[in-house]
Amino acid sequence: MIEDFRYFVNKQKFETLNKKEEFTLRGEKSLTAFYKNFTQISPLRIYATELYLNHVPFENKFLKGFVDRIEKNTDGTFELYDYKTGSAKSKNKITDGADYEHYLNQLRFYKFAFELLNPNTKVAKAGIIFAEDSDKNYYITLTEEDNEIIKNKIKFVYENIDKMNFNPPEKSEKTCQYCTYKQICTLNLF
Ligand code: SF4
């Protein structure tokens, strides 16, 4: 794993040699710590990795998302996981109204989109794997109530998009420059 990591790091561009060394050390440390966690999962459980959920039909719109890892349980239910770098966030911060509510909404979104795309399937569990702090991973059992919560949030966002009621990205991000809708978008900053 470490050898592969070094191979791919060497193919990347870094601003400075110091940055490269800093990221290499950080990556090697994370992989070494994460390895024991990783080897506890049987490869037979892995249903998909880096699964792109595209063209998920939702009312008269589409959703898309990208799930890092999907495991399948023997009872046919699924577990969805997202990997994050950086320090772990505590459970009381990953909750409605807290600083990292968006982590919870991300997991709700994955469950909702995955079940929409795969009717008759159930996501029994979801979680965030903190690759650099994997003793503090976050796990949650999501319910139909979570589906309702995220469904209403998605509808709210789409209603506002339809009314052009949203904040455009920062100009420095250059997102507008490459956006497919820049010719018709009145918020186009480019
Ligand atoms: S051009 Fe409009 S739709 Fe496209 S990224 Fe910019 S603000 Fe968003």
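Visitor: Which residue in strand 5 is the bridge partner of Ile128?
Guide: That's Tyr138. Bear in mind that this is a predicted model.

Visitor: And how many bridges join strand 4 to strand 5?
Guide: Three, and the two strands run antiparallel. Strand 4 covers residues 123–130.

Visitor: OK, zoom out. What's the strand order in the sheet?
Guide: The order is 1-2-3-4-5, in an open sheet with mixed pairing. Strand 1 (46–58) and strand 5 (138–140) are at the edges with a single partner strand each, so one side of each has no neighbour in the sheet. From one strand to the next, the twist averages 30°.

Visitor: What lies across those strands?
Guide: Helix 3, residues 101–117. Helix 3 lies across strands 1, 2, 3, 4 and 5, and runs at about 80° to strand 1.

Visitor: Back to strand 1, then. How many bridges join it to strand 2?
Guide: Nine, and that pair runs antiparallel.

Visitor: Take Thr49, in strand 1. Buried or exposed?
Guide: Thr49 counts as exposed, because it has 12 C-beta neighbours inside 10 Å and the cut-off for exposed is 12 or fewer.

Visitor: What does Thr49 touch, leaving out residues up to four places away in sequence?
Guide: Asp68 and Arg69.

Visitor: And how far apart are Thr49 and Phe156?
Guide: In space, 30 Å from C-alpha to C-alpha; in sequence, 107 residues.

Visitor: New topic: helix 2. Where does it bend?
Guide: At Ala33, by about 35°.

Visitor: What span should its 23 residues give, and what do the ends say?
Guide: Helix 2 (residues 17–39) should span 33 Å at 1.5 Å a residue, and its end C-alpha atoms are 32 Å apart, which agrees.

Visitor: Why say helix 2 lies largely in the open?
Guide: Because the number of buried residues among its 23 is zero.

Visitor: Last one. What domains does the assignment give?
Guide: The domain assignment gives domain 1 as 1–40 and domain 2 as 42–178. Taken over C-alpha atoms, the centres of domain 1 and domain 2 are 26 Å apart.

Note on methods:
Residues are numbered from 1 along each chain as its sequence is written. This is a predicted model: local features need pLDDT of at least 70, side-chain atom pairs count only at pLDDT 80 or more; totals for chains, interfaces and linings use all residues. Two strands pair if DSSP finds at least two bridges between them. Helices (H or I, at least four residues) and strands (E, at least two) are DSSP runs, numbered from the N terminus. Axes are lines fitted to C-alpha atoms, for helices over the stretch in contact, and angles run from 0 to 180 degrees between N-to-C directions. Two residues are in contact if their C-beta atoms, placed from the backbone, lie within 7 Å. The expected span of a helix is 1.5 Å times one less than its number of residues. The bend at a residue is the angle between axes fitted to the seven residues ending there and the seven starting there. A residue is buried if 20 or more other C-beta atoms lie within 10 Å of its own, exposed if 12 or fewer, and partly exposed in between; C-beta atoms are placed from the backbone. Domain bounds come from an automatic or database domain assignment.
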